[in-house]
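Subject: Structure handover

Hello,

Please find the structure below. My notes on the sheet, the helices and the pockets follow.

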Amino acid sequence: MTLTNKTILITAAGQGIGAASARACAAAGAKVIATDINADLLAKLDGVDGIETRVLDVTDVDAINALAAELPDLDGLFNCAGIVHHGTVLDLTDADWDFALNLNVTSQVRMCRAFIPGLLRRAESEGAASILNMSSMASSEKGFIQRTAYGATKAAVIGLTKAIAADFVAQNLRCNALCPGTVDTPALQGRIAAAPDPVQAEKDFIARQPMGRLATVDDLTPMVVYLLSDGSQFMTGQSVLVDGGCTI
């Protein structure tokens, strides 16, 4: 699962799965362009061999297009940015819905639209290129309570992934979706801390997984590297579950 001589761009790389993936891809030999809206979080990656950081707001289409024009052609793109909205459809305001759709889906559309021309050039010259989109087990794979906006938008990511995969399969550009279970990240810890009963909230999150624990970011990164590497070159259009058995 080497990424030697590959250039990989990762969004939301300031913390959590994105940051761990940036480190893992760099360790596998890639030149990683780690992007995030938060410059302070990105600073933690400064000095890591193989990683270059760029501030990027993935909801800003002009910023996306400017970065794509500036960077060399990519071998891989990991669209990791997203948000979890808590609530049923009755709690969902238009503003909440618009933001979740914009960050979880539209940003991926814009990133793919901006970077696919370069990915196709690399696929033509090197024989392979890969896109990985962050989805979730809470999507078309399984419904969860209080996750209307999140589940709907993450299901849309799977549809987007399959459409891109179908459009470019003959040109050696692959596209897959990663569908994690509940991962112990700063974002999750923030949701736990904000719950009326944080202790019970953490127990409830753990109870989702039949394996009896939360995933760590290091449970996810081997799959990230694999799906961006040539080791998965006969795999496209798939939603890959890494969920501790939750969807058995």
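Which residue in β5 does Gly 76 stand opposite? Gly 76 stands opposite Ser 130.

Some ground rules. This is a predicted model, in which local features need pLDDT of at least 70 and side-chain atom pairs count only at pLDDT 80 or more, while totals for chains, interfaces and linings use all residues. Residues are numbered from 1 along each chain as its sequence is written, and side-chain values use heavy atoms, with hydrogens and water left out. Helices (H or I, at least four residues) and strands (E, at least two) are DSSP runs, numbered from the N terminus.

Sheet. An open sheet is formed by 7 strands in the order β3-β2-β1-β4-β5-β6-β7, with parallel pairing; strands pair if DSSP finds at least two bridges between them. β3 (51–55) and β7 (239–242) stand at the edges with a single partner strand each, so one side of each has no neighbour in the sheet. From one strand to the next the twist averages 20° (axes are lines fitted to C-alpha atoms, for helices over the stretch in contact, and angles run from 0 to 180 degrees between N-to-C directions). β4 (76–79) and β5 (129–134) pair over 4 bridges. Helix α4 lies across β1 (7–10), β4, β5 and β6 (173–180), at about 160° to β5.

Helix pair. The axes of α6 and α7 come within 7 Å and cross at roughly 135°. That makes α6 oblique to α7 (under 35 degrees counts as roughly parallel, over 145 as roughly antiparallel, 65 to 115 as roughly perpendicular and the rest as oblique). The contact (heavy atoms within 4.5 Å) includes Leu 188 and Ile 192 of α6 and Ala 201 and Phe 205 of α7.

Pockets. A pocket is an open set of points on a 1 Å grid over the protein atoms alone, where a 1.4 Å probe fits, with protein on both sides within 12 Å along at least five of seven lines; lining residues have an atom within 4 Å of a point. The largest pocket has a volume of about 950 Å³ (the space filled by probe spheres set on the points, which are joined across faces, edges and corners). Its lining has 41 residues, with Cys 80, Ala 81, Gly 82, Ile 83 and Ala 187 nearest the centre. Helix α6 gives the largest share, 4 residues.

The second largest pocket holds about 380 Å³. Among its 14 lining residues, His 86, Arg 147, Ala 201, Asp 204 and Phe 205 lie nearest the centre, and α7 (198–207) gives the most, 4 residues.

Regards
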